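Some words used for a protein model rest on a value that is set against a cut-off.

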Amino acid sequence: MDVLIGVVVGIVIAILVVLFILFRVAWRVAEPDEALIISGFRAGRGAADAGDQMGFRIVTGRGTLVAPGLTKVRRISLEAHESQITVPCVSQQKINLALTGVVMYKVGDDYRSIANAARRFLDRPAQELETKVQNVFVGHLRAIAGSMTVEDMISDQDKFSEQVRDRCSGEMESFGLVIDSFQIQSIASESNYIANLAIPHQAEVEQRARIARANAERDAIAQEQAAQAQIALARRDTEIKKAGYQAEVDQATQKAAQQGPLAQATARQEVVEVETRVAQLQAQQTEQQLQVDIRKPADAEAYRQTTLATAARDAHIHQAEAQAQETRLRAEAAAAQTKLAAEAEAEAVRVRASAQAEATRLNGQAEADAIKARGLAEADAVRARMEAEAAGIRQRAEAMSQNQEAVIAQQVAERLPEIVAAAAAPFEHVGQFTVLNGAQGVTSALAEIIQQAGALTGLARESLLPAIKQTAEVAETNGHVADGLTE
C-alpha cells in the first residue's frame, strides 16, 4: 500500500514537473522595451489589435502562452535609436551648405505602429532601418533648406527643426516609427558665407569698443589734466603759504636771533611781502598767459574754421541756386524763342503752301480751260473739214454710182494728154520720119498711134475701175464718219 502511494505520489510529482517544464517552455514574457510578435497556430485569436488582421498577435508588457512548434515568437525592439544625418544642400540664395543633425526615433508604442514596423523591419538588419530613416530625412531636409535663407536657418533653428519633424512624421508613421526629437547640430558653408555674416556685427562691436576706449581715454585724460591743474594749484598755494610761513619764520628768527634795527626788519618784511605778491602775480600771469597763448587762439581758430566752412557752404549753396535759376531762365527763354520761331515758320510755311496751292489750282484751271478751248476749236475745224470732205466724197460717190462711165470718161479726158504723150513716147527721139507709102503710110502710122492711144485708154479705164470702186467705198465710209462727227 505504501509502495502504491509512493508510486502515485511520484507520478503526480513527475506530471507536475512535466507541466511546469511545458509551462516554462510555452510561457513568453515581453520586456518593457520590446514587443512579442506571435504568428502561427491560433495566433490571431487573441485580443483585438492591429496584428489580428494580418494573422499575427502583438504582446507588450505582459506574458502569454504559446504553442511550441505550432507558433513562432519573435521580438521587436521598442528602444530609441539615434542616427546622425549629414546632408549637402542648397539654400534659397543658391548657397551650398552642409547640414548636420541628429534624429532620435523608435517604434511607436501603439499596436498599429508595432504592426507596421513588424511588417517592414522584423528580422531585418538595423542598418536597413537606419538607411530608410536617413533617406526620408535627407529628402525633406533638402527641400526645406531650399525654401529658406541661411540667415533664417541660423536665427530660427527651432522652426527649421519643427518643419523637418512635421514633414517627416507622416512617412515615419507609415513605417511604424515615431520621432522623439530632431536637432540641427551644425550648418557649414564651403564659401565661408556663414563666417562672413558675423564680420559686420563683429566690426560694429569692435567699433563700439574702440569708441568706448577712446571716450574712456578722453575722460581719463581730461580728469588727469584736471587733477594736474588741481595739483599745480595746490602746489602754488603751498608755495605761497610756505613763502608766507617762511617769511614769518625768518621774521621771528631774525627778531629772536638779532635785535637789529626795526627798520631793517620792517624792510625785510616788506621785501618778503612784495616777493609774495610778485609770486602771486607771476602765477596769475602764467595762468593768464596760458589762457592767451593756448585756449583763446584754439577757440579763435576753431571759430574761424567754423565760420569759413559755414560761409563757404552758404556761398556754394547760393551759387548753385543762382546757376540753377539762371539755367532754368535760359532754358525757358530758349524754349519760348524756339516755340515762337517754330510757330512763325509753321505759319509762313502754311501761307506759302496755301498761296502755292491756289496758284497751282488757278494755273491748272486756266491751262485746262485753254486746253479745252483748243480741243473744241480743233474738234470744230476737224469736224468742218471732215464734213466738207465727206460732202465732196459723198457727191463723187453719188456721181460715180449714178454715171460711172461718165466719171471714167472724165478721168480719161483729164489724163488724155498724158496718155497721148505716153503713146508718142516711142517717137520722141526720132529725128526724121520717112513714110514709104505716101498718104496711105501716114494714115497707117496715125492709125497705129491712135490704136495705141485707144489701147492705153482701155488700159487706163481698166486700171481706173478698181481705184474708182475703192474711192467710192472710201467715200461711203468717210461719209458715215462725217455723219457721225456731225452728229
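Q: What is the handedness of the crossing of helix 3 and helix 5?
A: In this predicted model, helix 3 and helix 5 cross in a right-handed way.

Q: Which residues in helix 3 and helix 5 meet, and how do they divide into nonpolar, polar and charged?
A: From helix 3 come Val133, Val136, Phe137, His140, Leu141, Ala143, Ile144 and Ala145, and on the side of helix 5 they meet Phe160, Gln163, Val164, Arg167, Cys168, Glu171 and Met172. Of the residues in this contact, eleven are nonpolar, two are polar and two are charged.

Q: What makes Ser161 count as buried?
A: Ser161, which has its place in helix 5, has a relative accessibility of 3%. Buried means under 20%, so Ser161 at 3% counts as buried. When its neighbours within four places in sequence are left aside, Ser161 is in contact with Phe182, Gln183 and Ile184.

Q: How do you know that Thr276 counts as buried?
A: Thr276 is found in helix 7, and its relative accessibility is 18%. Because the cut-off for buried is under 20%, Thr276 at 18% falls on the buried side. Its contacts, apart from neighbours within four places in sequence, are with Ile240 and Ala243.

Q: Why is the pair Arg328 and Glu332 called a salt bridge?
A: The closest N and O atoms of Arg328 and Glu332 are 2.8 Å apart, and the rule asks for a side-chain nitrogen of Lys or Arg within 4 Å of a carboxyl oxygen of Asp or Glu, so the pair qualifies as a salt bridge. Both residues lie in helix 7 (residues 262-402), where they are four residues apart, about one turn of the helix.

Q: What makes Arg328 and Glu332 partly exposed?
A: Arg328 has a relative accessible area of 38%, while that of Glu332 is 41%. Partly exposed lies between the buried limit of 20% and the exposed limit of 50%, so both residues are partly exposed.

Q: How do you know that Arg124 and Glu128 form a salt bridge, and are they buried or exposed, or in between?
A: Their closest N and O atoms are 3.3 Å apart, and because the limit is 4 Å, the pair counts as a salt bridge. Arg124 is partly exposed at 47% relative accessible area, and Glu128 is partly exposed at 23%.

Q: Which other residue pair meets in a salt bridge at 3.6 Å, and how many salt bridges are there by this rule?
A: The side chains of Arg313 and Asp314 meet at 3.6 Å, N to O, and Asp314 is partly exposed with a relative accessible area of 29%. By this rule the count comes to eight salt bridges.

Q: How many helices and strands does the protein chain have, and what share of its residues count as buried?
A: The protein chain has ten helices and eight strands, and 20% of its 487 residues count as buried.

Notes. Residues are numbered from 1 along each chain as its sequence is written. This is a predicted model: local features need pLDDT of at least 70, side-chain atom pairs count only at pLDDT 80 or more; totals for chains, interfaces and linings use all residues. Side-chain values use heavy atoms; hydrogens and water are left out. Buried means under 20% relative accessible area, exposed over 50%, partly exposed in between (1.4 Å probe, protein chains only). Helices (H or I, at least four residues) and strands (E, at least two) are DSSP runs, numbered from the N terminus. A crossing is left-handed if the near helix is turned anticlockwise from the far one by less than a right angle, and right-handed if clockwise. Contact means heavy atoms within 4.5 Å. Ala, Val, Leu, Ile, Met, Phe, Trp, Tyr, Cys and Pro count as nonpolar, Asp, Glu, Lys and Arg as charged, and the others, Gly among them, as polar.
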